Amino acid sequence: MRSYREPVDPRVSALVGRLGGDPNRVRLVRAPGRVNLIGDHTDYNDGYCLPMAIDRDCIVGAAPGRDDRVRAESLDTDERVDLPARSGSTVVGTGWGRLVAAATQVVSDQAGPVEGVDLAASSTVPIGSGLSSSAALCVALVLALGDPPNGDGGRIELARAARDVEQLATGVPVGLLDQLASVFGRRDAALFLDCRTLEIVPVPLPATLAIAVVHSGVARALESSAYAARRDACAIAAARLGVSALRDATPTQVADDPIARHVVSENTRVVGAVDALRRGDLNRLGVLMGESHASLRDDFQVSTPELDTLVEVLVDEGAFGARLTGAGFGGCVVAATTPDRHDEVLARACDRYRARTGLEPRAFAVRAVDGAGPLQP
């Protein structure tokens with residue numbers, strides 16, 4: 001796996017200090033969040049996605065423990081977890097602690113008993129934003145508790161283990177998109193992901209493209225959303241059509257089923273977006289992003305009035321395109337702009353959104369970075 005060699009993050013010294021202060025005893029790993037440029041609710045239908053790992057990440061430090069226990073703390077929330085390293089089959093706790101307990105169990109089940117360890121974590125991925133804060137933490141925890149993966153096959157297993165952690169901790173049947181994006185991220189590139197074959201092809205991002213993320217001010221939680229219901233509806237539609245997954249359905253077959261129609265049309269849009277990026281056709285990319293949002297809003301019904309308003313004002317103020325990103329039900333939108341107009345577009349759009357909704361948006365640029373791995377100060 002690649003070692004991350006950006007300038008030293010100030011969180012590093014804080015994590016090392018919390019774990020005793022000796023950098024020689026602390027192993028550091030990082031896992032980035034992700035933004036999905038296009039291709040949502042296609043991953044669990046064996047379809048196509050176009051995510052990129054972003055420069056918001058989770059860092060976990062690990063030091064040998066004093067006894068046969070896993071102790072973990074978050075520098076961001078002051079939450080603490082203390083549980084047996086061999087915790088059995090039941091995940092206990094709430095919130096952040098559930099993920100630590102689930103990671104301990106999954107790693108123990110898949111790679112052998114976890115030794116006593118002290119963990120400390122810090123994340124810059126906004127929680128409830130649709131930028132995969134949970135997936136980043138799960139990937140980092142699996143890395144910190146287990147052995148480094150070997151080759152692409154090992155990295156796929158890392159992503160699967162992190163997905164198992166999130167499913168065990170939350171009960172939400174999440175797909176593999178978020179974890180694969182966090183693990184396989186590539187600097188200055190999006191990832192064309194085939195969720196059936198797990199083939200991942202980096203797609204270089206044009207220098208003329210700037211990616212912006214704007215949080216709507218409405219937090220998202222999959223546990224309390226209709227995510228599982230949408231996933232079930234997709235499985236039912238595939239069974240009715242006699243296909244193994246909606247990826248195999250045709251536009252004619254799904255013409256009268258809005259849920260299935262979104263999946264089939266979204267796969268086509270992802271392929272088109274990859275072609276647009278390779279040709280540097282940002283106008284075409286923007287059109288496809290707009291069509292994707294409309295499909296998520298009207299057919300798949302996972303948007304909100306706030307997300308719709310944010311998309312509208314971003315495009316009105318000069319973004320090539322914008323769409324909700326992630327599962328929906330709140331969180332963020334992603335917008336395509338140019339580097340020279342990026343700040344102006346965001347400022348004007350946020351002013352209009354604030355005036356129309358009374359909510360406080362949070363806007364920031366993101367860039368594509370390399371995927372999860374050991375952190376090299």
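Buried means under 20% relative accessible area, exposed means over 50%, and partly exposed is what falls in between (1.4 Å probe, protein chains only). Keep that handy, as it comes up a lot below. This is a predicted model, in which local features need pLDDT of at least 70, side-chain atom pairs count only at pLDDT 80 or more, and totals for chains, interfaces and linings use all residues. Residues are numbered from 1 along each chain as its sequence is written, and side-chain values use heavy atoms, with hydrogens and water left out. Helices (H or I, at least four residues) and strands (E, at least two) are DSSP runs, numbered from the N terminus.

**Helix 2**

- Helix 2 covers residues 96-111, which makes 16 residues.
- From first C-alpha to last it reaches 23 Å, close to the 22 Å expected at 1.5 Å a residue; the expected span is 1.5 Å times one less than the number of residues.
- Of its 16 residues, 12 are buried, so helix 2 is largely enclosed by the rest of the structure.
- Among the buried ones are W96, G97, L99 and V100, along with T104 and Q105.
- What do the buried residues of helix 2 pack against? Their partners are strand 3 (69-74), strand 4 (80-84), strand 5 (117-123), helix 3 (133-145) and helix 4 (151-170), with contact meaning heavy atoms within 4.5 Å.

**Salt bridges**

- The structure holds 31 salt bridges, each being a side-chain nitrogen of Lys or Arg within 4 Å of a carboxyl oxygen of Asp or Glu.
- One of them joins R367 and D55 at 3.5 Å, N to O.
- R367 sits in the loop between strand 11 (362-366) and strand 12 (373-374), while D55 is in strand 2 (residues 48-64), so this pair ties together parts that are 312 residues apart in sequence.
- R367 is partly exposed at 33% relative accessibility, and D55 is partly exposed too, at 27%.
- E266 and R269 meet in another salt bridge, at 2.9 Å, N to O.
- Both E266 and R269 lie in helix 7 (residues 258-279), 3 residues apart, or about one turn of the helix, and both are buried.
- E317 and R352 pair up at 3.0 Å, N to O.
- That pair links distant parts of the chain, 35 residues apart: E317 is in the loop between helix 9 (305-316) and strand 9 (321-324), and R352 is in helix 10 (residues 342-357).
- Is E317 buried or exposed? With 16% relative accessibility, E317 counts as buried, whereas R352 is partly exposed at 29%.
- Salt bridges with shared partners also join D40, E266, R269 and R323 into one network.

**Cysteines**

- A disulfide is a covalent bond between the sulfur atoms of two cysteines.
- How many disulfides turn up in a search of the whole structure? The count is 0, using a cut-off of two cysteine sulfur atoms within 2.5 Å.
- C195 is in no disulfide, and its nearest cysteine sulfur, that of C49, is 3.7 Å away.
- C195 is buried, with a relative accessible area of 13%.
- C234 is in no disulfide either, with the nearest cysteine sulfur, again that of C49, 12 Å away.
- C234 is buried as well, at 1% relative accessibility.

**A look at R354**

- R354 is found in helix 10 and is partly exposed at 29% relative accessibility.
- Leaving aside residues up to four places away in sequence, R354 touches L359, E360 and P361.
- R354 and G217 are 137 residues apart along the chain, and their C-alpha atoms are separated by 9.8 Å.
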